[in-house]
Amino acid sequence: MWDGVCFEVIAIESDDGGEIRYIMTPWEEHHVIRRMDQYDDESEALRLTQYSTIKRQQKRSVAASFSAMFLGHAPSIVQARLENELGISASRMTVMSCIPPVVVFAVIILLSVGARIEARSSPVWFPLLVASVYLLIESVVRFHIAMSQSRGVGSAAGFLLYLAYWLTVLRGSPDRSPFLAERGLGLYTVPPSADVEMRDALDTFEPLLTLLTPEEQRMLAQRYGFDYKRHAFGVTWVILAFASLGALSSVATLIHDPRVTAGLSLVVASVLVIEQVQRLRRLPLGPAGSMMSPLIRLFVKRFLTTAP
């Protein structure tokens, strides 16, 4: 597009001086336009800027290629940015960064084995040996991920160094954060509506709701369709089982070492056992509350106070 008129480039000529000439002819309107470029001062300035940016990236890319053994230790998101900005393969940087730890481990093993063969103490400091073993295992895992998934994987040391760089030099820039997810690997969830959130919370606390008073359970049934039969029997049997075990344990304690706390535990456990037996008899006829309802009400208060 040039001055509001569409032209077709039909030939490109260049001379020895490096000048390029485009031979154009007005576009015939009955043909479909496959690609449109704007030809004016603004678009040409943009092209020059893009060309300069590409040249700078190519220079940085060469320097980064030589530094791949070190850059491959950076966090995955940082390697992904370098891949997008400089055109360097993140997986390649990770693979190259796995070479130095393997070489260091091999040298340490050779020194240790040589010292053992010669019956002398190992010149390798034991913590250094442990660190080399860790780096070897980490490098094997990183190499496997980089080769099988074709993506960059940073190391623990690289993450800590970049974190310090991000906090000090970059001053915690959100765009350069090491905690961001890589493009295509992030998760986006739509926040649930208030009604869905309430329903999910109701499903979570539904077993506890069976311990409220019968009036409160009927109110929940009217508001949210709460059905006490789904969990009431199971909750009652569980409480009965644990209360029975608690009563037997308290009796055994009182026989061998009579204490006030054991007596109180026996009283509470016995009351719970009796209450659960009574609840099992009433549940087939309708909701049955528990003496624990005041405690349960503290956790489910919003269901009782929120309007439907």
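The side chain of Gln 217 reaches the backbone oxygen of Leu 212 at 2.8 Å, a polar contact in the sense of a pair of N or O atoms within 3.5 Å, where within protein one atom must be able to donate a hydrogen and the other to accept it, and residues adjacent in sequence count only if both atoms are side-chain atoms. The structure is a predicted model, in which local features need pLDDT of at least 70 and side-chain atom pairs count only at pLDDT 80 or more, while totals for chains, interfaces and linings use all residues. Residues are numbered from 1 along each chain as its sequence is written, and side-chain values use heavy atoms, with hydrogens and water left out.

Gln 217 is placed in helix α9, residues 214-224; helices (H or I, at least four residues) and strands (E, at least two) are DSSP runs, numbered from the N terminus. Gln 217 counts as buried because its relative accessibility is 3%; the classes are buried under 20% relative accessible area, exposed over 50% and partly exposed in between, with a 1.4 Å probe and protein chains only. Leaving aside residues up to four places away in sequence, the contacts of Gln 217 include Leu 209, Phe 226, Tyr 228, Pro 287 and Gly 289, a contact being heavy atoms within 4.5 Å.

Next comes a pair of helices. Two packed helices are described by the angle between their axes and the distance between the axes. Helix α3 (residues 76-86) packs against helix α4 (residues 90-97) at an angle of about 125 degrees, and their axes are 8 Å apart. Here axes are lines fitted to C-alpha atoms, for helices over the stretch in contact, and angles run from 0 to 180 degrees between N-to-C directions. The two helices are therefore oblique to each other, given that angles under 35 degrees count as roughly parallel, over 145 as roughly antiparallel, 65 to 115 as roughly perpendicular and the rest as oblique. From α3, Gln 79, Leu 82 and Glu 83 meet Ala 90, Met 93 and Thr 94 of α4. By class, this contact holds three nonpolar, two polar and one charged residues; Ala, Val, Leu, Ile, Met, Phe, Trp, Tyr, Cys and Pro count as nonpolar, Asp, Glu, Lys and Arg as charged, and the others, Gly among them, as polar.

Helix α4 also holds Ser 91, which is buried with a relative accessible area of 16%. Its side chain is joined to that of Ser 89 by a polar contact of 3.0 Å. Beyond residues up to four places away in sequence, Ser 91 touches Ala 146, Ser 150, Arg 151 and Gly 152.

Most residues other than glycine have a negative phi, and most peptide bonds are trans. Asp 3, although not a glycine, has a positive phi of about 55 degrees; Asp 3 sits in the segment before β1 (7-14) and is exposed, at 70% relative accessible area. Arg 171 likewise has a positive phi of about 55 degrees without being a glycine. Arg 171 belongs to the loop between α7 (156-168) and α8 (194-209) and counts as exposed at 73% relative accessibility.

A search of the whole structure finds zero disulfides, meaning pairs of cysteine sulfur atoms within 2.5 Å. Cys 6 is partly exposed at 21% relative accessible area, whereas Cys 98 is buried at 5%. Pro 294, in helix α12 (residues 293-297), is partly exposed at 49%. The C-alpha atoms of Pro 294 and Gly 87 are separated by 64 Å, with the two residues 207 residues apart along the chain.
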